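I opened this model to look at its strands and its surface. My entries are below.

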Amino acid sequence: MSRVGRKPIPVPQGVRVEVAEGAFIAEGPKGRLVQPLLPGYPVTVEAGEVKVARSGESGPERAKHGLLRALLANAVQGVSAGFVRGLEISGVGYKAELRDGSAGGKEI
């Protein structure tokens, strides 16, 4: 049983999602993303949630179900909050610099 695939995707305020012509379209404050849909996996948008269904119970169908749900959830997150890469440094005696792409950097 795919636990990931069965979980609905909440749509935050300010994000508009739609399913049209075999594609999932998400638009929000950070931009617009289009994710192609897999045939045989119907996607519905209702009451502020996106749900993905599947037709069968075989292993590959369950795997693709979870994959499609994860791709759609990432698209919704990308247009609403963006993607963040965090870095945590633990320990003593490390020297780290924060660089913004210019020649100099700021020491943390």
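**Entry 1, the model.** I note at the start that this is a predicted model.

**Entry 2, the sheet.** I looked up the strand order first. Three strands make an open sheet in the order S2-S3-S4, and the pairing is antiparallel. Which strands stand at the edges? I found S2 (16-20) and S4 (31-36) there. Each has a single partner strand, so one side of each is left without a neighbour in the sheet. From one strand to the next, the twist averages 15°.

I then went through the bridges. S3 covers residues 23-28 and runs antiparallel to S4, with six bridges joining them. I picked out Glu27 and found its bridge partner in S4 to be Arg32.

**Entry 4, the hairpin.** Next I turned to S5 (residues 43-46) and S6 (residues 49-52). They pair in the antiparallel sense over four bridges. Opposite Val43 I found Val52 in S6. Two residues lie between the strands of this hairpin.

Which residues form a nonpolar patch on the surface? I listed Leu87, Ile89 and Tyr94. Together they have about 400 Å² of accessible area. I followed up on Leu87. I located Leu87 in the loop between helix H2 (59-80) and strand S7 (97-99). Is Leu87 buried or exposed? Its relative accessibility is 75%, so I logged Leu87 as exposed, the cut-off being over 50%.

Technical notes. Residues numbered from 1 in each chain as written. Predicted model: local features only at pLDDT ≥ 70, side-chain atom pairs only at ≥ 80, totals over all residues. Heavy atoms only, no water. Pairing = 2+ DSSP bridges. Axes fitted to C-alpha atoms, helices over the stretch in contact; angles between N-to-C directions. Patch = residues over 30% accessible without salt bridge, like charges linked within 9 Å, V, L, I, M, F, W, Y side chains within 5 Å. Areas by Shrake-Rupley, 256 points an atom, 1.4 Å probe, with all protein chains shown as cover. Salt bridge = Lys/Arg side-chain N within 4 Å of Asp/Glu carboxyl O. Buried < 20%, exposed > 50% of the residue type's maximum accessible area, 1.4 Å probe, protein only.
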